[in-house]
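Visitor: Hi, I'd like to talk through the charged pairs here, and then some helix packing. Can we start with the overall tally?

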Amino acid sequence: MYPVLFVKLTIIGTGYVGLVTGACFASKGNQVICLDNNQEKIQKLKMGEIPFYEPKLEQLVLTSYKNGNLKFTLNQQEAVEFADIIFLCLPTPPKEDGSSDLSFVLKVSEEIATFFNSHKTVVTKSTVPVGTCDLIREIISKNTKQKFSVVSNPEFLREGKAVDDFNNPDRVVIGASSQTQASPVFELYREFLFDDSKILVMDTKSSELSKYAANAFLATKLAFINEIANISTVLGSNVDQIARVMGMDERIGNQFLKPGLGFGGSCFPKDLLSLLQTSKQAGYEFKLLKATIEGNLRQIEIFYTTIQEYFLKSGKSKRIGVWGLTFKANTDDLRESPAVKLVIKLLQNGFQIKAYDPKGMQNFKMLYPQYAHILQTDKYRCLENSEALVIATEWQDFAKADLNKIRKQFQIKVIFDGRNLMDLKSVQSLGLEYFSIGRSL
Ligand code: UGA
């Protein structure tokens, strides 16, 4: 065993990545300050309130906050002077052309450099295009005389499973210009991975690109199974069976083979566009990535068309109950959510919608106040006076729904299951119409 050295860390940015990083490092005994420029967020955190929903995070934050290992502040100077290692967990939203907006990362790098009072290791955890570490290094060197190093450490956690992912990572990637510069970050992660061979040290450019490569590959895998689902619908085969066959081949693996309404969230759509733009700027046309992005956009259109055609043919009134608003289950995040895109498209095309989501309704109200009236207090209320049920997010609570109640009490005539959540055999016995992704009754 290696001796455990507790380190002073500052985490800049208290979003999904920053807060999870801070809480997990603090839980191992490190002293952590989380810095944010959002007063309301910091106030909430100081009162023990987590600004978003993420399973297991609240308990983790509260424990370390109470024992003093985790602190929250708005004071940049205090946070920077305190730390040996500073993690940048800041947003890198897409610009109009799809490239990443680095203004937050670069501005903060400039600001913090002026407060360096000793050697600092600055770590980029935000997903940043290749070359960003070099840019940060340049900016910091112009604003401090202290010694420092800049290290890339992309984060691979998933929303909804972020704490588990951080505590049990498949691998940790550290990009640095030397082993010595990587070493402080390497030591930190030894507490999480007892197998050093899972901590991969490399140059910063490879580290930066590895994150995009992983996300782009997963998104492409998903886009591929969605294409297979679409062909299955046409040919009358069952994509679930096909995914089982594919997934049992170890070279393919069984994850990311669940077809649906396409990928959303704060990462895949943004990261794919950014990688496409990086490739373009480097003079390389990444054709496969383009196809993945286009295929993903088409996925919603195909589902919408199925709904629209049903109502055109049946002549029924366009009243639909929608289950699910978040981009996937176990989060309250609506960013780039296919479910929200679908709901808005339905509303704009004259459908009367009632919607319910276990965690996403507060954000929906905030982001789309003009549509707040569609929200219902529970999943069954959504179905009152509705002809159809649309399942747009794969919450387990929806999978457990009482199908007889749906059919008999609410007289739902048709289900459009955008997540293949319902068991085909159970639906079959109900005698209602059922459309899913790549499976037919
Ligand atoms: C993704 C990556 O999985 C993380 O490794 C990465 O760290 C993160 O982005 C990031 O870059 O920060 P996340 O956005 O939380 O994590 O979401 P995923 O669980 O990967 O799901 C992405 C999308 O694919 C969701 O819309 C989900 O519904 C969809 N999906 C996923 C499917 O439709 N089917 C599947 O089989 C898997």
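Guide: Happy to. This is a predicted model, and the count in it comes to 20 salt bridges.

Visitor: Nice. Which residue does R439 meet in a salt bridge?
Guide: R439 meets D240, at 2.9 Å from N to O. R439 sits in the segment after β13 and D240 in helix α10, so the pair ties together parts that are 199 residues apart in sequence.

Visitor: And is R439 buried or exposed?
Guide: R439 counts as buried, because its relative accessibility is 7% and the cut-off for buried is under 20%. D240 is partly exposed, at 27%.

Visitor: What about R319 and E387, where do they lie?
Guide: Their side chains form a salt bridge at 3.8 Å, N to O. R319 is in strand β9 and E387 is in the loop between α14 and β11, so this pair links parts 68 residues apart in sequence. R319 is partly exposed at 28%, while E387 is buried at 12%.

Visitor: Which residues are linked in a network of salt bridges?
Guide: E159, D333 and R335 are linked that way.

Visitor: Switching to helices: at what angle do α6 and α9 pack?
Guide: About 125°, with the axes 8 Å apart. The two are therefore oblique to each other.

Visitor: Which residues make that contact?
Guide: From α6 they are T132, C133, D134 and R137, and from α9 they are T204, K205 and E208. By class, that gives one nonpolar, two polar and four charged residues.

Conventions. Residues numbered from 1 in each chain as written. Predicted model: local features only at pLDDT ≥ 70, side-chain atom pairs only at ≥ 80, totals over all residues. Heavy atoms only, no water. Axes fitted to C-alpha atoms, helices over the stretch in contact; angles between N-to-C directions. Helix = DSSP H or I, 4+ residues; strand = E, 2+ residues; numbered from the N terminus. Parallel < 35°, antiparallel > 145°, perpendicular 65-115°, else oblique. Contact = heavy atoms within 4.5 Å. Nonpolar A, V, L, I, M, F, W, Y, C, P; charged D, E, K, R; others polar. Salt bridge = Lys/Arg side-chain N within 4 Å of Asp/Glu carboxyl O. Buried < 20%, exposed > 50% of the residue type's maximum accessible area, 1.4 Å probe, protein only.
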